[in-house]
Amino acid sequence: MDNKINTAAEAVEASALPRMYEAHTDPDIPKAAKMPKSMAEKPVTQKSPAQWAYERTVLYLKNFEEQLDNEHEVAMGFTGGDAGVLRIEGMGYFDPDIVTFYGSDPAGGRTQLVQHVSQLNVMLRALPKAVEGKAPNRIGFRLVEDLEKTQAAPTKT
């Protein structure tokens with residue numbers, strides 16, 4: 001048993017560090033991607049709502065892609081309207097509160113969604129690959145790598 005007594009400052013800092021939890025009916029379903037160390041070290045209170053929403057969405061994207069076969073790529077469906085789906089080809093954020101998704105619609109038209117973090121509601125979907133015979137694009141993996149690189153470097157404005 002740990003009998004360590006934390007100072008008030010340590011308790012506040014620990015409560016602000018990111019945590020995640022999920023459960024599934026099937027124990028073999030992979031849980032959301034493990035948080036990169038660089039993401040877990042910085043308290044949530046030191047991140048903008050946009051950065052924090054972006055980072056967590058990136059982890060869910062990567063986890064979703066890990067479950068896809070080589071014939072499918074990740075896309076997102078829009079809720080609350082007839083806007084359709086967007087094949088996710090890029091993602092970003094604009095502090096303090098905007099998250100954006102770049103991609104294309106099923107007809108190949110360029111698409112971009114710009115959304116306030118208070119309205120963020122993403123449904124990930126599997127779509128057949130855009131180009132048959134070519135390896136599927138895995139944006140989630142690239143985004144996690146980018147998170148690890150950019151969080152190790154100082155932020156530029």
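Helices (H or I, at least four residues) and strands (E, at least two) are DSSP runs, numbered from the N terminus. The structure is a predicted model, in which local features need pLDDT of at least 70, side-chain atom pairs count only at pLDDT 80 or more, and totals for chains, interfaces and linings use all residues. Residues are numbered from 1 along each chain as its sequence is written, and side-chain values use heavy atoms, with hydrogens and water left out.

Helix α3 is mostly covered, with 13 of its 18 residues buried, where buried means under 20% relative accessible area, exposed over 50%, and partly exposed in between (1.4 Å probe, protein chains only). Leu 59, which lies in α3, is buried at 3% relative accessibility, and its C-alpha atom is separated by 8.7 Å from that of Phe 141, 82 residues apart along the chain.

The 5 strands form an open sheet in the order β4-β3-β2-β1-β5, with antiparallel pairing; two strands are taken to pair if DSSP finds at least two bridges between them. The edge strands, β4 (110–116) and β5 (123–128), each pair on one side only, and the twist averages 40 degrees from one strand to the next. Axes are lines fitted to C-alpha atoms, for helices over the stretch in contact, and angles run from 0 to 180 degrees between N-to-C directions. Within the sheet, β2 is joined to the antiparallel strand β3 (residues 98–104) by 7 bridges, and Met 91 stands opposite Phe 101 in β3. Helix α3 packs on the sheet, touching β1 (72–77), β2, β3 and β5, and its direction makes about 145 degrees with that of β2; contact here means heavy atoms within 4.5 Å.

The structure holds 1 aromatic pair, formed by Tyr 54 and Tyr 93, which is tilted, at 5.1 Å centre to centre and 50 degrees between the planes. Rings of Phe, Tyr and Trp (its six-membered ring) pair if their centres lie within 6.5 Å, and planes under 30 degrees apart count as stacked, over 60 as edge-to-face and the rest as tilted. Tyr 54 is buried, with a relative accessible area of 5%, whereas Tyr 93 is partly exposed, at 33%.
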